[in-house]
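Please examine the sequence and the model shown here.

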Amino acid sequence: MINYADYTFYTTEYKGNLSIGLFNSLIIKASREIDKYVNRILTEDVVNNLSFNDKWQLNYVACRLCDFINENGSRKVTSISIDGVSKAFKSETEIQNEKKSIINNLPSELTRYLWFKI
C-alpha cells in the first residue's frame, strides 16, 4: 500500500501547514480512506501511469483528507458553553457531507466504474 501524497506536495502545491510528523501519520489514514472509494487497487505503477492532472488531483484529495481528519477526527463534543457563550461544532451529518464532497473530487479515472454515488 502506498500513500497518495508526500510532504513536499502538501507544503508546496496544497499549501498545507501541518507538521511533517502529523502529516506522515495522517496521510496513511487519508490514503486508506481513498482506497475505499476507488475502482481498483492503486499500486505505485497505477498511480505513476495516471495523467498529470489525475495524479495531481489524487495528491490534492489526499492532502485535503489529511486536513479534514486533523480537523474532525477526534471531535466527540458537539457543543460547549463557557460563561454563557455557546459554541456548536459540526454535526455528524455535516462532517460526513464534507468528507463526501472531498472524496467526490477524486479523478473520474479512479471512480467511474463504481456502482454507487458517493
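The report below treats a pair of packed helices, the cysteines and one further residue.

The model is predicted: local features need pLDDT of at least 70, side-chain atom pairs count only at pLDDT 80 or more, and totals for chains, interfaces and linings use all residues. Residues are numbered from 1 along each chain as its sequence is written, and side-chain values use heavy atoms, with hydrogens and water left out.

Helix α2 covers residues 20–35, and its axis comes within 8 Å of that of α4, crossing at roughly 115°. Helices are DSSP runs (H or I, at least four residues), numbered from the N terminus. Axes are lines fitted to C-alpha atoms, for helices over the stretch in contact, with angles from 0 to 180 degrees between N-to-C directions. The contact (heavy atoms within 4.5 Å) involves residues of α2 including L22, F23 and L26, and residues of α4 including C63 and C66.

The structure holds zero disulfides, a disulfide being a pair of cysteine sulfur atoms within 2.5 Å. The sulfur atoms of C63 and C66 are 6.0 Å apart, too far for a bond.

N72 lies in helix α4, residues 52–72. Leaving aside neighbours within four places in sequence, N72 is in contact with K90, I95 and E98.

The table gives relative accessibility; buried means under 20% relative accessible area, with a 1.4 Å probe and protein chains only.

| Residue | Relative accessibility | Class |
|---|---|---|
| C63 | 0% | buried |
| C66 | 0% | buried |
| N72 | 8% | buried |

How values were computed:
Helix = DSSP H or I, 4+ residues; strand = E, 2+ residues; numbered from the N terminus. Buried < 20%, exposed > 50% of the residue type's maximum accessible area, 1.4 Å probe, protein only.
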